[in-house]
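Q: I have a model open and would like to talk through its fold before I set anything up. Can we go step by step?

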Amino acid sequence: MVEMYAVLRSPLEIVFGAGRRAAIAPMTAELGRRALIVVDPFLATSPELAQLVDALAAAGVESAVYSDVVPELPTRGIAACADAARAFGADVLIAVGGGSSIDMAKTCAVLTAHGGRVSDYYGERRVPGPVAPIIAVPTTAGTGSEVTPVAVVTDETRQVKVGISSPYLIPRIAICDPELTLTCPPGVTAASGADALCHAIEALTARKHTAADGADADRVFMGAGPFTDSLALEAIRSLAAGLPRAWRDPGDLDARSRTMYGATLAGLAFGTAGTAAAHALQYPIGAATHTSHGIGVGLLLPHVMAHNLPARMPEFARIATALGADAADQDELAARAPHLVQELLRGIGIPGSLAEIGFPRERLAWAAAEGLRARRLVENNPVPLSEDAALAILESAYAGS
Ligand code: NAD
């Protein structure tokens, strides 16, 4: 028998479907009596929020609203959210918004429970214990934060994005209602969708979970394997079926549903398997160009894939098939995968080169060195990433070839 090892981390419950936001209030009532609702500013003035507050009250839950969430989540705003949670005496957090709002709720829950500064928790498994339960309700289809153990913040002092990863950050419940994404403009749909596709592909091709990882406290719940492979592949199929249509026709609920389903599956996959080089190299690109995370990873992904191809031929052939390609020769299929991904992403308006987003050519070496500082992601890449290799990927992304 072939030895098989697989791990998966996930929320206790995931509810998916159009209109399912109606479940927020009754599910909150099962967890607490005082809810802090952390919302995206665009939602703060919407009738949706007023309806949620009323529904919570009817379910016996008092609520307060915190809406001061800035995209890409600069650390400076997080303490204020934690102060609001403490002052209100919140025993449950409801995050309704994109990844920035959900990650705000996660980091707020950590500071409220354990004190200190956000930077105390940077990296893997630094959160010392449980935090208040979080109900995560995404309004973009991309980050997968509703199901992951990760929060990503922008550290203004170092001018970089930093991750906090801990099982205690996994939301207790994810409620995924694709109707909430109908208002996303094409730019947000494209950036968040590119992020989701990158999660699925990097999870599928990430370092594998092995027998040896079971004895290592840092690795026991990490690594790609059969669970995450199935989720990632289905995510790619669902995103390929939905994302281009959702971008062209924002009001197409079927396309929105497929895109959100793909994004949540991709979140489940990378929440255990992790991401890799495209995410590591996006950090300096995002910091230098102030472009969103999704645009950066989408732009870099085909170039990282070309670098990783020799080590992951079978996975790349499956990616090409999931994207609709057909060929008898598996190697030929695999070799087409980076180009197919690039076509899909360019088709939804993801820029074609680093030059196009204004990244200065003379800073490519700096970006390569900075990207390698994200050691956790770099070590998860299937092919070792030297500084020269990182520079070659960035040069190719600069030219857009
Ligand atoms: P976002 O939350 O930053 O929101 C982007 C913009 O879209 C904002 O202006 C917001 O107001 C708007 N918006 C959100 N929902 C909308 C809707 N339904 N209609 C209209 N406008 C809407 O975007 P995002 O891509 O969801 O999140 C990005 C953040 O998530 C980044 O900080 C990224 O690093 C992080 N991230 C986190 C994880 C994780 O696992 N925690 C994974 C990947 C990325």
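A: What follows goes from confidence and overall shape to the core and then to a few strands.

Q: Fine, what kind of model is this, and what pLDDT does the chain average?

A: This is a predicted model, and the chain averages a pLDDT of 95, with 99% of the residues scoring at least 70. For the complex, the predictor gives an ipTM of 0.99 and a pTM of 0.96.

Q: And how many helices and strands are there in the chain?

A: The secondary structure comes to 15 helices and 9 strands.

Q: What radius of gyration does the chain have, and what would a compact globule have?

A: The chain has a radius of gyration of 20 Å, which agrees with the value near 21 Å for a compact globule, because that is what the rule gives for 401 residues. Taken along the principal axes, the C-alpha atoms fill a box of roughly 60 × 55 × 40 Å.

Q: What share of the residues is buried?

A: Buried residues make up 52% of the 401 residues in the chain. As for the contacts between residues at least 6 apart in sequence, 79% of them join residues at least 24 apart.

Q: Which residues have the most contacts inside the largest nonpolar core?

A: That core has 127 residues, and those with the most contacts inside it are Val-38, Leu-93, Ala-95, Cys-108, Ala-200, Ile-236 and Ala-269. Helix H6, which covers residues 186-205, gives the most to this core, with 11 residues. The core draws at least three residues from each of domain 1 (20-176) and domain 2 (186-399).

Q: Why would nonpolar residues sit together like that?

A: In soluble globular proteins, nonpolar side chains tend to be buried together.

Q: Let me pick one, then: what is Ala-95 in contact with?

A: Leaving aside neighbours within four places in sequence, Ala-95 is in contact with Val-38, Ser-101, Ile-102, Met-104, Ala-105, Ile-134, Ala-136 and Val-137.

Q: Switching to strands, do S7 and S8 pair in the parallel or antiparallel sense?

A: Strand S7 (residues 150-155) pairs with S8 in the antiparallel sense, over 6 bridges, and Val-150 stands opposite Ser-165 in S8. The hairpin of S7 and S8 has 4 residues between the strands, and Gln-159 takes a positive phi near 60° in this hairpin.

Q: Which way do S5 and S8 run, and what stands opposite Glu-124?

A: Strand S5 (residues 123-124) and strand S8 (residues 160-165) run parallel and are joined by 2 bridges, with Glu-124 standing opposite Ser-165 in S8.

Terms used
Residues are numbered from 1 along each chain as its sequence is written. This is a predicted model: local features need pLDDT of at least 70, side-chain atom pairs count only at pLDDT 80 or more; totals for chains, interfaces and linings use all residues. Two strands pair if DSSP finds at least two bridges between them. The radius of gyration is taken over C-alpha atoms; the globule rule is 2.2 Å times the number of residues to the power 0.38. A residue is buried if 20 or more other C-beta atoms lie within 10 Å of its own, exposed if 12 or fewer, and partly exposed in between; C-beta atoms are placed from the backbone. Two residues are in contact if their C-beta atoms, placed from the backbone, lie within 7 Å. A nonpolar core is a set of buried Ala, Val, Leu, Ile, Met, Phe, Trp, Tyr and Cys residues joined through C-beta atoms within 7 Å. Domain bounds come from an automatic or database domain assignment. pLDDT is the predictor's confidence in each residue, from 0 to 100.
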